[in-house]
Amino acid sequence: MTAPGENMRINGDRLWDSLMDMAKIGPGIAGGNNRQTLTDEDGEGRKLFKSWCDNAGLTMGVDKIGNMFATRPGTDPDALPVHIGSHLDTQPTGGKYDGVLGVLAGLEVVRTMNDLGIKTRHPIVVTNWTNEEGARFAPAMLASGVFAGVHSLDFAYDRKDPEGKQFGEELKRIGWQGDEEVGARKMHAYFEYHIEQGPILEAEDKQIGVVTHCQGLWWLEFTLTGREAHTGSTPMNLRVNAGLAMARIVEMVQGVAMENQPGAVGGVGQVFFSPNSRNVLPGKVVFTVDIRSPDQTKLDGMRARIEKEATAICEALGVGYSVEAVGHFDPVTFDPTLVSAVRKAAEDLGYSHMNLISGAGHDACWAAKVAPTTMIMCPCVGGLSHNEAEEISKEWASAGADVLLRAVVETAGIVE
């Protein structure tokens, strides 16, 4: 195998134009995007992506959960493909780059290979995973989880959004339920390019994040049952206050996370009060605790302690209590050979780089269960993500895509 030339680079203007064109679909209200999974906007974004893949000479396949696989053939019909992937769905108030950058950079890789006449032994497959965000249908990374055998297809189809609509029915409705069996495809390797969603690369003035690990995660959904009562006329000592129990649990989660520093985070981002009236103590409170760590022992220890202390808090207040794990993945160590390929590509191209541990979950976490996997990250301004003000530069996007191109081509085996 001959190594690609050191100056082989993607077309940064074309990548950026593609990002901006995709951002026109499902615009937010403050400069970002609202293209939640299985909405009409998601369907429109998929249609645009497919048209670009068709124009690049790629063959599109879609599986029963809506994952999209655009294939550029290799010279060896028996060689397993190198996948490049991420997701096109966004948060309700999402940015223009989270997920989308990885899919469209994958497309740009094959466009550049077409421009340069590069042939590889292994096929290249650009992948769009369904429902990575989990904003509309929990859990996150749902379709890649089914692909990796973590969830069943029936489990995914039965997920409901806050309006009670089912995942399976919505997938059919927007016309992106394919015929392929989920997980039938086998991979030689999987690469995912993503914005950092954190401030480290920018603060350290590095262009490339070489991702070595991904934090493990538990999402714990608590349901607390109190007694609805008038906030003005119910004596303090006669209240069964589910809201107070929630507040004490939130404070406790903060303390548990701080006591497990470094390398642990925890917090609450979603709360539902019922009946959610100003002058009625809540009869029910549902909220989700999100804890993460790259250390398995620390992660599971945090979960055990939080559940034990939450039980004690609720018992002391007479509040009913239940908890369900609604999201989980173990810490991931990415493939050392692919990590080295990314690091070498950055060095050969002259880009500054550093090792990173991903604080967020990604489809790569599930892909790593079925194939050698790694990630590349680029900086984002202020580390801001899951926010319409999310921002990166064209230069940052291009640098990471250059590294992606080189690492993918070397992994796929360039053919003279």
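Predicted model: local features only at pLDDT ≥ 70, side-chain atom pairs only at ≥ 80, totals over all residues.
Local features require pLDDT of at least 70 and side-chain atom pairs pLDDT 80 or more, while totals for chains, interfaces and linings use all residues. Residues are numbered from 1 along each chain as its sequence is written, and side-chain values use heavy atoms, with hydrogens and water left out.

UniProt, in an unreviewed entry, lists residues 215-313 as "domain: Peptidase M20 dimerisation"; its positions are given in the numbering used here, feature names are shortened, and annotations may be inferred rather than shown by experiment. Over this range the chain is 36% helix and 34% strand, with the end C-alpha atoms 28 Å apart. Helices (H or I, at least four residues) and strands (E, at least two) are DSSP runs, numbered from the N terminus.

An open sheet of four strands is ordered β10-β12-β8-β13, and its pairing is antiparallel. Two strands pair if DSSP finds at least two bridges between them. β10 (265-274) and β13 (320-329) are the edge strands, each pairing on one side only. On average, neighbouring strands are turned by 15° against each other, direction ignored. Nine bridges join β8 (residues 216-225) to β13 in the antiparallel sense; leucine 224 has tyrosine 321 in β13 as its bridge partner.

Two helices accompany the sheet. Helix α8 (residues 242-259) packs on it, touching β8, β10 and β12 (284-293), and its direction makes about 170° with that of β10. Helix α9 (residues 296-317) lies across β8, β10, β12 and β13 and runs at about 10° to β8. Contact means heavy atoms within 4.5 Å; axes are lines fitted to C-alpha atoms, for helices over the stretch in contact, and angles run from 0 to 180 degrees between N-to-C directions.

The 18 residues of α8 should span 26 Å at 1.5 Å a residue, which agrees with the 26 Å between its end C-alpha atoms; the expected span is 1.5 Å times one less than the number of residues. Buried residues of α8 include Met246, Ile249, Met252 and Val253, where buried means under 20% relative accessible area (1.4 Å probe, protein chains only). The buried residues of this helix pack against β8, β10, β12 and α9.

A nonpolar core is a set of buried Ala, Val, Leu, Ile, Met, Phe, Trp, Tyr and Cys residues joined through side-chain atoms within 4.5 Å. The largest has 99 residues, of which Phe49 and Leu104 touch the most other members. Helix α12 (residues 394-412) supplies the largest share, ten residues. A second, separate core of 26 residues includes Trp218, Val289, Ile291 and Ala310.

Technical notes
Buried < 20%, exposed > 50% of the residue type's maximum accessible area, 1.4 Å probe, protein only.
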